[in-house]
Number of protein chains: 2
Amino acid sequence: MRYDEMTPEALREELSALKKEYRKMQEMDLHLDMSRGKPSIEQLNLSMGLMDVLDSTSDLTCEDGTDCRNYGQLTGIDEARELLGDMMENNPNDIIIYGNSSLNVMYDTVSRAYTHGIMGNTPWCKLDKVKFLCPVPGYDRHFAITEYFGIEMIPVPMTDNGPVMDIVEKLVAEDETIKGIWCVPKYSNPSGISYSDETVRRFARLKPAAKDFRIFWDNAYGMHHLYDDRQDYLIEILAECKRAGNPDLVYKFASTSKITFPGSGIAALATSPNNMEDIKKQLRNQTIGHDKVNQLRHVRFFGDIHGMVEHMRKHADILRPKFEMVENTLEEELGELGIGSWTKPLGGYFIGFESLPGCARDIVARCKKAGVKMTPAGATWPYGKDPQDTSIRIAPTFPPLNDLEAATRLFCLCVRLVSAEKILAEREAQ
Amino acid sequence: MRYDEMTPEALREELSALKKEYRKMQEMDLHLDMSRGKPSIEQLNLSMGLMDVLDSTSDLTCEDGTDCRNYGQLTGIDEARELLGDMMENNPNDIIIYGNSSLNVMYDTVSRAYTHGIMGNTPWCKLDKVKFLCPVPGYDRHFAITEYFGIEMIPVPMTDNGPVMDIVEKLVAEDETIKGIWCVPKYSNPSGISYSDETVRRFARLKPAAKDFRIFWDNAYGMHHLYDDRQDYLIEILAECKRAGNPDLVYKFASTSKITFPGSGIAALATSPNNMEDIKKQLRNQTIGHDKVNQLRHVRFFGDIHGMVEHMRKHADILRPKFEMVENTLEEELGELGIGSWTKPLGGYFIGFESLPGCARDIVARCKKAGVKMTPAGATWPYGKDPQDTSIRIAPTFPPLNDLEAATRLFCLCVRLVSAEKILAEREAQ
């Protein structure tokens with residue numbers, strides 16, 4: 001029965017039982033972490049072969065004769081650009097291979113626009129006001145970058161098809177100070193949804209007032225399907241922009257962080273030739289080149305894109321039961337109570353949870369007091385401020401299945417407890 | 001006999017012989033490169049063991065329990081901070097391990113000062129004028145970074161003991177817009193000299209007008225001795241600044257680029273706790289962490305600082321004959337002609353050559369026409385403009401010894417040819 005249809009007496013009784021259960025859980029002294037999108041140890045073990053592909057007898061020469069051990073190759077070795085081109089569905093020529101982190105590439109991209117401007121436009125540091133659109137809920141580390149640069153963030157609501165495009169279109173067309181939008185278009189962080197074809201088409205056809213408006217397209221989970229037979233397909237954004245006559249509209253980011261080892265993978269940026277030339281002017285001053293040995297290591301480990309796809313199936317085999325367990329537990333514990341909704345993504349690293357208004361922060365706090373760490377409530381909103389206080393990101397990947405189940409049960413208990421308290425308090429206030 | 005003491009007739013005869021010899025050299029169709037400070041293949045082979053220290057059976061756990069394969073450890077793993085601390089002669093706590101390139105760390109350090117300012121001071125992008133002192137001859141990639149950020153570069157002459165400190169002291173004390181100075185204090189690029197104790201002492205005691213003035217101390221060649229028994233020792237700058245009551249005056253940079261593999265090593269920054277806190281505010285937004293697996297790989301390869309020192313002796317065994325051959329050839333071919341001087345460094349990657357005024361550009365051009373690529377003349381000066389046109393950087397490390405000898409002979413021939421022409425032309429003009 002829905003909590004909001006229960007009599008006050010029944011709800012009070014429920015609350016009392018929940019509190020008793022919560023105290024029992026506290027005594028279990030849990031130390032579980034569902035806060036960050038980290039791969040599990042089992043997943044990391046899948047890539048240990050990466051440590052074997054190069055040894056002291058290996059020839060570390062690229063196909064074009066470049067010695068990977070020495071300086072050079074500013075935009076990456078050809079074979080890595082090909083592999084990541086296949087991974088990102090882009091022409092290898094449109095790709096720059098960077099260092100170990102796509103977050104760092106995004107920071108760098110904002111920073112360059114701030115210091116030098118984009119393709120001849122005024123550097124953002126010389127403007128009085130710069131704004132970014134931030135689909136919400138979104139990724140806290142994106143928001144941290146824009147906040148660090150003093151960029152004003154404007155939340156745009158998300159639907160199951162992506163950001164509300166009516167709003168996006170209107171705002172970017174009207175306001176020249178809006179210079180960018182953060183997107184995680186596939187298996188989105190945190191909701192796990194993918195942008196619909198219509199959404200991508202409309203993105204490619206934006207008519208921004210600012211010539212230096214760019215879409216920051218963080219395709220972090222492009223390869224991260226949970227199922228073989230049910231997968232989201234995304235229209236490739238660079239190609240769609242080109243077809244729409246908007247070739248320079250997008251910076252696209254990806255990495256192998258959650259494919260091999262987070263922090264020891266390779267990251268890449270894909271963009272139009274014009275943007276590429278613009279970026280290279282900086283890159284030449286910034287570095288002599290990124291880690292080519294690690295690029296070669298990745299290429300030799302996967303062989304080709306098919307090798308990477310097969311590798312991702314192994315990740316999926318580990319992740320699928322975790323996602324399903326969480327979803328089933330949520331359904332079992334909360335399904336009929338009307339106190340929360342959640343997504344059932346086909347890939348990615350997160351499940352998005354929406355509580356009753358005004359409950360998210362309390363739920364996460366309750367979890368913490370009983371030993372389960374969640375992503376801080378509000379983290380999915382710019383400045384950490386979720387105005388409705390409803391959005392919670394569930395990150396089921398890191399804990400082992402048993403721990404995850406305990407953590408999810410506790411989470412559900414906290415949702416029930418906080419929601420029951422909330423509903424009762426509201427009734428009493430009436 | 002010195003060229004400037006020869007009779008015009010004798011000099012014309014010499015020139016004619018030189019031209020004949022030059023044409024002969026051109027027919028040899030050389031393709032040699034003395035332009036960049038790249039290690040040779042033989043040197044790269046010294047580090048192939050780096051590819052063996054980790055394999056799929058390795059435990060990639062740090063001493064503190066961190067799984068190097070996963071996210072985290074923003075400032076680097078403890079054992080890498082210890083190793084690079086020993087290498088840089090700094091407290092591991094004062095060290096941040098970065099990615100693969102110290103040049104990138106320097107760029108990032110300038111960029112951060114530009115976008116956010118140093119320790120609460122006005123960001124450089126908000127100032128009308130920012131200047132850097134540039135000891136000359138110096139490193140072209142340093143100058144490229146400051147030029148890219150529109151920072152005005154003021155050349156400061158170098159002596160055999162470092163920059164002329166009277167000038168440095170006066171300028172930084174007088175001019176608040178001077179925010180930094182580029183230094184390669186040990187086995188300097190390109191002259192190979194090391195700063196004297198007095199120079200370092202005076203650096204640590206600078207009284208800059210600007211609160212956000214910093215010394216950019218690029219200790220790229222700290223470990224790069226050519227001899228066991230004759231080595232330059234440098235006063236450690238952070239410690240000296242602390243003793244002088246100027247703890248926050250320095251950013252110090254280093255990397256293993258020329259110790260293991262350029263581009264696949266690890267880089268580090270050492271600085272005071274105050275600067276460190278300031279930097280971490282950025283770092284947290286910029287990345288989740290650098291490549292810890294590669295940090296661990298380096299630690300396990302060297303074991304400790306003694307292992308690294310022994311490794312550097314092998315580099316020295318390869319480099320020493322090259323440096324000595326170049327120096328001997330220069331002495332043999334040019335020793336008594338009075339048309340150039342050069343340094344005899346005890347370490348590093350370069351020999352500095354000073355031609356007669358107005359000759360450097362022509363010498364390098366002549367070398368190029370006969371198939372030997374040198375660093376462009378002028379590259380050792382800000383904006384590529386060497387006002388006297390005398391400074392040439394010789395980079396003897398990359399070519400095999402035989403090639404290097406051919407290249408050096410050709411270089412000497414070009415020096416003689418251009419100098420003879422120059423002296424004759426001047427006489428005729430009188």
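Predicted model: local features only at pLDDT ≥ 70, side-chain atom pairs only at ≥ 80, totals over all residues.
Colleague: How many of the residues in chain A are buried?

Modeller: Of the 430 residues in chain A, 54% are buried. As for contacts in chain A with a separation of 6 or more, 76% join residues 24 or more positions apart.

Colleague: Which domains does chain A have, and how far apart are their C-alpha centres?

Modeller: The domain assignment gives domain 1 of chain A as 3-44 + 309-429 and domain 2 as 62-303. Their C-alpha centres lie 31 Å apart. The contact takes 26 residues from domain 1 of chain A and 31 residues from domain 2 of chain A. On the side of domain 1, two or more residues come from each of α11 (305-334), β11 (351-355) and β13 (391-394) of chain A. The largest share, seven residues, is that of α11(A). By class, this side of domain 1 of chain A has 15 nonpolar, seven polar and four charged residues.

Colleague: Why is helix α10 (residues 292-302) of chain A called mostly covered?

Modeller: Ten of the eleven residues of α10(A) are buried, and buried requires 20 or more other C-beta atoms within 10 Å; therefore the helix is described as mostly covered. Among the buried residues are A:Val293, A:Leu296, A:Val299, A:Phe301 and A:Phe302. Their cover includes α3 (78-88), β2 (95-97) and α11 of chain A. Just after α10(A), A:Gly303 takes a positive phi of about 80 degrees.

Colleague: How do you know that both faces of strand β3 (residues 131-136) of chain B are covered?

Modeller: In a regular strand, side chains alternate between the two faces of the sheet. On one side of β3(B) stand B:Lys131, B:Leu133 and B:Pro135, and on the other B:Phe132, B:Cys134 and B:Val136; all are buried. With six of its six residues buried, β3(B) is mostly covered.

Colleague: What makes β3(B) and strand β4 (residues 152-159) of chain B a pair?

Modeller: Two strands pair if there are at least two bridges between them, and β3(B) and β4(B) have six, in the parallel sense; therefore they count as a pair. The bridge partner of B:Leu133 in β4(B) is B:Ile154. Three bridges also join β3(B) to strand β6 (residues 178-183) of chain B, again parallel. There B:Leu133 stands opposite B:Ile181.

Colleague: Which elements make the right-handed β-α-β unit of chain B?

Modeller: The unit is made by β3(B), helix α5 (residues 140-148) of chain B and β4(B).

Colleague: How many residues of chain B are in contact with chain A?

Modeller: There are 45 residues of chain B in contact with 44 residues of chain A. Elements that each supply at least two residues of the chain B side include α2 (41-45), α4 (102-116) and α5. The most, six residues, come from α4(B). By class, the chain B side has 19 nonpolar, 18 polar and eight charged residues.

Definitions and conventions
Residues numbered from 1 in each chain as written. Chains lettered and ligands numbered in written order. Buried ≥ 20, exposed ≤ 12 C-beta atoms within 10 Å, placed from the backbone. Helix = DSSP H or I, 4+ residues; strand = E, 2+ residues; numbered from the N terminus. Right-handed = clockwise from strand over helix to strand, strands pointing away. Contact = placed C-beta atoms within 7 Å. Domains from an automatic or database assignment. Nonpolar A, V, L, I, M, F, W, Y, C, P; charged D, E, K, R; others polar.
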